[in-house]
Amino acid sequence: MVQTAPQPSSPSVVKQDVQENILTPRFYITDFEKAAALDLSAQADGLEAMLAEMKADYNRFHFVRDDAFEQSWDHITGEEREAFLDYLERSCVSEFSGFLLFKELSRRLKGKSPLLAEIFSLMARDEARHAGFLNKSMGDFKLSLDLGKLTKQRTYTFFPIEWVLYTVYLSEKIGYWRYIIIYRHLEQHPEHHFYPLFNYFESWCQDENRHGDIFKALVRSQPQLWNTWKSRLWSRFFLLTVFVTHSLTVQERHTFYEMLGLDPTDFDTEVIRKTNETAARAFPVYLNVDHPQFFPRLHRCSDRNLQLKAIDAANPPKLLKWLRKAPHLLGIIGDFLRLYLIAPLNAEHLRDEIH
Ligand SMILES: [Fe+2]
Ligand SMILES: [Fe+2]
């Protein structure tokens, strides 16, 4: 492992830009008129109950940095420091992206859909806390993100409201599983607990779980999102996209998971299995992750992605780079299609058992 000398006296740096690629968390906008017009009557009671929970604000005093942060982190160096900072940065951007979307939804829905406007405002509150807390952790490593500047400079991706409901549901639930699995693992293996941020993950993941439940109620309030053939195809697509992205990201950031004493592939597999099981409560279908081809193909995608990164890092002449990358890119697309074609499991059949 390459270790660089710590630089105890180096000043803090505000990072001016965030490198974007297909795996970077995105910033979204949607059709706000359509969002305001959603008929929520089928889930009105559930949403009112969740609004009350959000107002109770159980984590009001949770995101306060304690004395454990008050020390130098210069002993974390080289590849490990880089991997951990990358983890903090991506997590911060992802939390901040949630904040911006919820804030904008709340603003645009005010007066038109008051219940949703209030719920989104409270979810924005939580995500702002999460992003701020992560940014302070980056500060411990003498780097921080200028979130205001990021808001202005980032490109926004348009997603129809239906896609927002599917993908935010999944990202909240996969977020819940990521945080809680790391937390429980470190409870068992305190020797890998290298930074106090992880102490906060237990209550933190409850925020994400609540957000996920709100999106579950929103998905279930719209029958066209679960009782049509199109909804079954879209659910499959978004489940697979979220799982492939997760798998690729975990393998790219394997050093961070190794620092935690986690096997990246085991972690990846457990998060996907749990999220898939959870998604059966909201979506009409869930993926057959026990199919003998499922995880081998998924992991082949992440191996190919690592090859692509290695080619980029070697930086050969442009044409040569594309010639080298093409087979890996085609391989990923091919595996994605084959994974998509694995017949999913019907979640509607489970509905009565689960409730
Ligand atoms: Fe969050
Ligand atoms: Fe969240």
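## Contacts and overall fold

In this predicted model, 82% of the contacts between residues at least 6 apart in sequence join residues at least 24 apart. The secondary structure of the protein chain comes to 13 helices and six strands. The radius of gyration is 21 Å, close to the 20 Å that the globule rule gives for 355 residues, so the chain is as compact as a globular protein of that length.

Along the principal axes, the C-alpha atoms fill a box of roughly 60 × 50 × 40 Å. Of the 355 residues, 32% count as buried.

## Two domains

The chain is divided into domain 1, made of 1–175 + 195–222, and domain 2, which covers 226–355. Taken over C-alpha atoms, the centres of domain 1 and domain 2 are separated by 22 Å.

## Where the domains meet

Contact between the domains involves 17 residues of domain 1 and 20 residues of domain 2. On the domain 1 side, the elements that give two or more residues are α3 (78–109), α6 (161–188) and α7 (201–221). Of the elements on this side, α6 gives the most, with seven residues.

By class, the side of domain 1 that touches domain 2 has nine nonpolar, six charged and two polar residues.

## The annotated segment

An unreviewed UniProt entry carries the annotation "domain: Rubrerythrin diiron-binding" for residues 86–218. Over residues 86–218, the chain is 78% helix and 5% strand. The end C-alpha atoms of this stretch are 32 Å apart.

How values were computed: Residues are numbered from 1 along each chain as its sequence is written. Chains are lettered from A and ligands numbered from 1 in the order in which they are written. This is a predicted model: local features need pLDDT of at least 70, side-chain atom pairs count only at pLDDT 80 or more; totals for chains, interfaces and linings use all residues. Domain bounds come from an automatic or database domain assignment. Two residues are in contact if their C-beta atoms, placed from the backbone, lie within 7 Å. Helices (H or I, at least four residues) and strands (E, at least two) are DSSP runs, numbered from the N terminus. Ala, Val, Leu, Ile, Met, Phe, Trp, Tyr, Cys and Pro count as nonpolar, Asp, Glu, Lys and Arg as charged, and the others, Gly among them, as polar. UniProt positions are given in the numbering used here, feature names are shortened, and annotations may be inferred rather than shown by experiment. The radius of gyration is taken over C-alpha atoms; the globule rule is 2.2 Å times the number of residues to the power 0.38. A residue is buried if 20 or more other C-beta atoms lie within 10 Å of its own, exposed if 12 or fewer, and partly exposed in between; C-beta atoms are placed from the backbone.
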